[in-house]
Amino acid sequence: MKKKLWIPLFAVFCLAVFCLGFLLADLTAPRTFDELWCRCDLDTPAKPGENIYLCCGPTWDEPEGYPELDKIYRSVMRLFQSQSYRRSLFSFFPRDGGIYLTVRMGCEAYSLAYWSCGVLWIPTENYQWTAYKPSSPEALGTQMDYIAQEYCNIP
């Protein structure tokens, strides 16, 4: 009886390892910012140290738009789109003191991202904050610090 039982158990084990490999490959596959980000309004994932508000196009308050803020929005989006992202499997909660970015498009405001400790928290299509490691965290961190210093006080 024991001799016949090891064959199905070995087959189940091989199938489980195969499925686990596909799951890990999908979780750690590099993705672009456009594939990840979902336009949704979520509360900040942690207490931010800096809040940056970006505008894109005309708004209810200003039908002509804010050209300076529109330029900042485009530069931030280019920065995020220049990286590829892998899901961070070991970041469970964002830390306080990060940089929280909100974008205003038309009459609605959306959460764009939360940068904290080398991890970019992005609101995804399941309406929750998910941690992603950028392909170059040092470069993105330097640019995020520059953006926070330059544009944090713009209304």
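**Ground rules.** I number residues from 1 along each chain as its sequence is written, and side-chain values use heavy atoms, with hydrogens and water left out. Since the model is predicted, local features need pLDDT of at least 70 and side-chain atom pairs count only at pLDDT 80 or more, while totals for chains, interfaces and linings use all residues.

**Main core.** I started with the largest nonpolar core, which has 31 residues. By nonpolar core I mean a set of buried Ala, Val, Leu, Ile, Met, Phe, Trp, Tyr and Cys residues joined through side-chain atoms within 4.5 Å. Buried is under 20% relative accessible area, exposed is over 50%, and partly exposed is in between (1.4 Å probe, protein chains only). Phe33, Trp37, Leu54, Phe80, Leu101 and Leu112 have the most contacts inside this core. Among the elements giving it two or more residues are helix 2 (33-36), strand 2 (50-59), helix 3 (67-81) and helix 4 (137-151). Helix 3 gives the most, with seven residues. I take helices (H or I, at least four residues) and strands (E, at least two) as DSSP runs, numbered from the N terminus.

I then looked up Trp37's contacts (heavy atoms within 4.5 Å). Leaving aside neighbours within four places in sequence, Trp37 meets Met77, Val103, Met105, Tyr110, Ser111, Leu112, Ile122 and Pro123.

**Second core.** A separate core of nine residues includes Leu42, Tyr114, Trp121 and Ala131.

**Ser116.** Buried or exposed? Ser116 is buried, because its relative accessible area is 6%. I find Ser116 in strand 5 (residues 108-116). Its side chain reaches the backbone oxygen of Arg95 at 3.3 Å. Not counting residues up to four places away in sequence, Ser116 touches Arg95 and Gly98.

**Positive phi.** Which phi does Cys117 have? I read a positive value of about 55 degrees, although Cys117 is not a glycine. Cys117 sits in the loop between strand 5 and strand 6 and counts as exposed, at 52% relative accessibility.

Tyr127, not a glycine either, has a positive phi of about 55 degrees. I place Tyr127 in the loop between strand 6 and strand 7 (129-134); Tyr127 is exposed, with a relative accessible area of 54%.

**Helix 1.** Phe10 lies in helix 1 (residues 2-27) and is partly exposed, at 48% relative accessibility. Trp6, Ile7, Phe10, Phe13 and Val17 make a nonpolar surface patch of about 570 Å².

Definitions and conventions
A polar contact is a pair of N or O atoms within 3.5 Å; within protein, one must be able to donate a hydrogen and the other to accept it, and residues adjacent in sequence count only if both atoms are side-chain atoms. Patches are made of residues with over 30% relative accessible area and no salt bridge: like charges are joined within 9 Å, nonpolar side chains (Val, Leu, Ile, Met, Phe, Trp, Tyr) within 5 Å. Accessible areas come from the Shrake-Rupley method with a 1.4 Å probe; for residues, only the protein chains shown count as cover. A salt bridge is a side-chain nitrogen of Lys or Arg within 4 Å of a carboxyl oxygen of Asp or Glu.
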